[in-house]
Amino acid sequence: MRTIIEPFRIKSVEPLHHTTPEERERYLQQAGYNLFLIEARHILIDLLTDSGTGAMSTGQWAALMRGDESYAGSESFFRLQKTVRDLTGLRHVIPTHQGRAAERILFTVLCKPGCVVPSNTHFDTTRANIEFTGARAVDLPIPEAADTQARLDFKGNMDVAALQSLLASEAAANVPLVMLTITNNSGGGQPVSMANIEAVKRVCSRHGVPLYLDACRFAENAWFIRLREPGYADWTPKQIAQKMFSFADGCTFSAKKDAIANIGGFLCSNDERLAQQETNLLILTEGFPTYGGLAGRDLDAIAVGLEEVLDPDYLHYRIVSTGYLGRHIADCGVPIVEPPGGHAIYIDAERMLPHIPKHRFPAQALAVELYRHAGIRSVEIGSVMFGEAARHELLRLAIPRRVYTQSHIDYVVEAILEVNARKQAIRGMEIVDAPPFLRHFSARFRQL
Ligand code: F0G
């Protein structure tokens, strides 16, 4: 059979509400043309993020009832610890309320002013948490990643030669760790190859620097390795994931992605002394080490999600369905970051709307138009988010896990193609009011 189906059926449904064009125009005006400021009930299809928006399974809902809410020594923690140790091979497992809490604790312990932390590409919270300590976050993607149209199997890879020269030029004490984000979210959801992880680890070992994975989409990355990297076609996703983690000295993890939970995260390492320092900080703001800012039931849902996400049927469907959206719009002339990533499709708005200059925010204008036309929420990843540092003007369509069916995605495809057909009429935007940092969450705009 050629038809690929969603590998689940639906037991509990959540109604969607249609809005009229007039209502959407009003909501846009009230929100200052910032989609973060529109109430979720006024959104028909929400592709803002794949983070915390996944649908839990019957297994995860059942696990919630098993949750042990003891303040100390909860059984739920030991179940999570066992699952994470088995997957990552890392001994110390510190739960946190989400990924950025793990980042904050890790960098507070390891970084100080003058330090440098290289990555293939840091996610924005990771960069912000590094910079908050006074250290410098450096992105070293492969040069080909700059071209949105280049079709590479592992476009999320790190530039190993650039890492080598950075480590050779910096005093070892100034580089407390190297990070690899898998998959590379800010780089288009592109995977990192096993060979690249191994090569990065070799360079790190030569310089005595630990390697950390920002591993929140580890299962999607493992599936791409199985599909694209010679030698892995017969491996299970779990075996591939275990091998990926075998090169890591630690990881940060947002359970809101590939643990298909609505909240949660963890921080792992093999370093006893470091784990002790991290635990001390954890108690200060997150909680006791066996719950780390989460309820016991959350820990159980994460443990079950980490197993479910490695199901080959799920991963096959997941990667094919993201690619389905990408191919259907790209083959009709909408420029996307090629090839399609694991969790999202990124439209290259600079290419699609060449009549709107960068300082008039083409991707924000496109996000507004897609909501106005069809009630779809996406997110700008360009000059609104990064200011002058933006390398591209992208519109991200992130796909929540197990939430939307093919007909929802067909609706999204149709809407994008209709917007594309009259793209000349789309006008740029101007910021009328913005806070000093993280302005994309609350800036207000005017349509020109
Ligand atoms: N690392 C990566 C690669 C991420 O994509 C995210 C979150 C985080 C860390 C932080 O995790 O949200 O649990 O604190 N990404 C979301 C997104 C928000 O929409 O891409 P968190």
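**Exercise 1. The loop of Pro-339**

Task: Find where Pro-339 sits and what kind of peptide bond joins Glu-338 and Pro-339.

Solution. 
- Step 1. Pro-339 sits in the loop between helix H12 (312–330) and strand S9 (344–348). Helices (H or I, at least four residues) and strands (E, at least two) are DSSP runs, numbered from the N terminus.
- Step 2. The bond between Glu-338 and Pro-339 is cis, with omega about -15°.
- Step 3. Now look at Thr-183, in the loop between strand S5 (178–181) and H7. The peptide bond from Ile-182 to Thr-183 is cis too, and its omega is near -15°.

Two notes on the model apply throughout. This is a predicted model, in which local features need pLDDT of at least 70, side-chain atom pairs count only at pLDDT 80 or more, and totals for chains, interfaces and linings use all residues. Residues are numbered from 1 along each chain as its sequence is written, and side-chain values use heavy atoms, with hydrogens and water left out.

**Exercise 2. Positive phi**

Task: Say where Ile-260 and Phe-361 lie, and whether each is buried or exposed.

Solution. 
- Step 1. Ile-260 has phi near 45°, a positive value in a residue other than glycine. Ile-260 lies in the loop between S7 and S8.
- Step 2. Phe-361 is not a glycine either, yet its phi is positive, about 55°. Its loop runs between helix H13 (349–352) and helix H14 (362–374).
- Step 3. Apply the cut-offs: buried means under 20% relative accessible area, exposed over 50%, and partly exposed in between (1.4 Å probe, protein chains only). Ile-260 has a relative accessible area of 1%, so Ile-260 is buried. Phe-361 is buried because its value is 8%.

**Exercise 3. Salt bridges**

Solution. 
- Step 1. Side chains of opposite charge can pair when their charged atoms come close. The rule used here asks for a side-chain nitrogen of Lys or Arg within 4 Å of a carboxyl oxygen of Asp or Glu. The count comes to 28 salt bridges.
- Step 2. Arg-127 is partly exposed at 25% relative accessibility. Glu-131 is partly exposed at 41%.
- Step 3. Lys-201 lies in helix H7 (residues 194–207) and Asp-249 in the loop between H9 and strand S7 (250–254), so the pair ties together parts 48 residues apart in sequence. Lys-201 is buried at 18%, whereas Asp-249 is partly exposed at 25%.
- Step 4. Salt bridges with shared partners join Asp-50, Arg-217, Glu-220, Asp-258, Arg-318 and Arg-401 into one network.

**Exercise 4. Asp-50**

Task: Which side chain makes a polar contact with the side chain of Asp-50?

Solution. 
- Step 1. Asp-50 is in the loop between strand S1 (45–46) and helix H2 (58–66). Asp-50 is buried, at 0% relative accessibility.
- Step 2. A polar contact is a pair of N or O atoms within 3.5 Å; within protein, one must be able to donate a hydrogen and the other to accept it, and residues adjacent in sequence count only if both atoms are side-chain atoms. The partner is the side chain of Arg-217, at 2.9 Å.

**Exercise 5. Around the ligand**

Task: How many residues surround the ligand, and which are the closest?

Solution. 
- Step 1. A residue counts as near if one of its heavy atoms lies within 4 Å of the molecule. Here 17 residues surround the ligand, and the closest are Thr-49, Arg-100, Ser-254, Lys-257 and Arg-396.
- Step 2. Check the polar atoms. An N or O atom in the side chain of Arg-396 is 2.7 Å from a ligand oxygen. For a ligand nitrogen, a polar side-chain atom of Asp-214 lies 2.8 Å away.
- Step 3. Helix H4 (residues 99–110) gives the largest share of the shell, three residues.
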